[in-house]
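Here is a friendly briefing to read alongside the model. Please keep the sequence and the 3D view open as you go.

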Amino acid sequence: MSNLVRFEKVDNELNILRIGGKSFLPPDVEWPTNPNGEKMVFIFNIPTNFLNSTLQFNYPKDQVISVFTTYNREDYFLDSIVYNGDIEELQNIKNGYTKVILHSVASPRNDADFLISAREIVIDKEMNEFNDYYGSLFGANPVFLQEEKLELASYQFCMQIYGGDFPEEFQDIFYLDDAIGYLFLSKEEKANDVGVFFVQCT
């Protein structure tokens with residue numbers, strides 16, 4: 001069963017399940033840029049120990065999965081991060097408009113032009129048919145997907161985040177504040193294919 005989540009303000013540098021804050025990306029790993037040469041914004045910090053214990057993944061212990069996305073306050077970018085089932089959209093995502101990286105924990109850093117204030121993702125309660133709000137949730141099955149037949153058989157759903165749940169100044173992180181970001185992670189550890197992150201509009 002999927003779990004609804006809530007968000008609580010925390011320190012930007014805590015190694016917990018959170019949106020925003022600084023990344024623990026090692027100094028020898030280049031900060032992700034998209035094909036346009038723009039530095040991507042760090043949006044998720046996910047400790048592997050948490051994933052392994054809650055969703056039964058089998059990632060290396062004491063590491064972190066970091067998720068990055070294209071973001072621009074002046075130019076349109078939604079089409080670069082959307083995936084509704086079209087193979088060209090998925091290829092666009094995998095070409096580097098979003099990025100999912102598995103890595104060791106290093107000193108906190110932020111090389112992007114933007115820093116989202118950290119919010120801890122707190123697992124709240126199991127979702128049921130009486131819940132009115134299904135925006136942000138963790139585990140089991142995604143909701144609000146516009147197309148169920150996505151080419152994601154080798155991935156397992158991890159979590160989804162509603163754009164409106166980001167801090168106010170970043171509620172356009174997915175361009176539209178009512179868009180939802182979906183994170184699917186590889187069922188097996190793969191150095192160059194940890195997962196895929198994409199956006200759909202509600």
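Predicted model: local features only at pLDDT ≥ 70, side-chain atom pairs only at ≥ 80, totals over all residues.

Residues are numbered from 1 along each chain as its sequence is written, and side-chain values use heavy atoms, with hydrogens and water left out. Helices (H or I, at least four residues) and strands (E, at least two) are DSSP runs, numbered from the N terminus.

**Aromatic rings**

- A pair of aromatic rings is described by the distance of the centres and the angle of the planes.
- Searching the whole structure gives 17 aromatic pairs; rings of Phe, Tyr and Trp (its six-membered ring) pair if their centres lie within 6.5 Å, and planes under 30 degrees apart count as stacked, over 60 as edge-to-face and the rest as tilted.
- Tyr71 and Phe114 make an edge-to-face pair, because their ring centres are 5.1 Å apart and their planes meet at 80°.
- This pair links distant parts of the chain, 43 residues apart: Tyr71 belongs to the loop between strand E4 (64-69) and helix H2 (78-81), and Phe114 to the loop between strand E5 (98-103) and strand E6 (119-126).
- Tyr71 is buried at 4% relative accessibility, whereas Phe114 is partly exposed at 22%; buried means under 20% relative accessible area, exposed over 50%, and partly exposed in between (1.4 Å probe, protein chains only).
- Phe77 and Tyr175 are also edge-to-face, with 5.4 Å centre to centre and 90° between the planes.
- Here too distant parts of the chain are linked, 98 residues apart, with Phe77 in the loop between E4 and H2 and Tyr175 in the loop between E8 and strand E9 (179-186).
- Phe77 is buried, with a relative accessible area of 4%, while Tyr175 is partly exposed at 33%.
- One aromatic cluster takes in Tyr71, Tyr76, Phe77, Phe114, Phe170 and Tyr175.
- Phe170 has the charged end of Arg73 over its ring, 4.7 Å from the centre; a charge sits over a ring if NZ of Lys or CZ of Arg is within 6 Å of the ring centre and within 35 degrees of the ring normal.

- Six of the six residues of E4 are buried.
- Both faces are covered, with Val64, Ser66 and Phe68 on one side and Ile65, Val67 and Thr69 on the other.
- E4 pairs antiparallel with strand E3 (residues 41-47) over six bridges; two strands pair if DSSP finds at least two bridges between them.
- Within that pairing, Asn45 has Ser66 of E4 as its bridge partner.
- E4 and E5 run antiparallel and are joined by six bridges, and Phe68 stands opposite Lys99 in E5.

- E8 is mostly covered, with six of its eight residues buried.
- Strand E7 (residues 137-138) pairs antiparallel with E8 over two bridges, and Phe138 is opposite Met159 in E8.
- E8 also pairs antiparallel with E9, over seven bridges, and Ile161 has Gly181 in E9 as its bridge partner.
- Gln160 lies in strand E8 (residues 155-162) and counts as buried, at 0% relative accessibility.
- A polar atom of the Gln160 side chain lies 2.7 Å from the backbone oxygen of Gly135.
- The side chain of Gln160 also reaches the backbone nitrogen of Val143, at 2.9 Å.

Definitions and conventions:
Polar contact = N/O pair within 3.5 Å; in protein donor to acceptor, adjacent residues only side chain to side chain.
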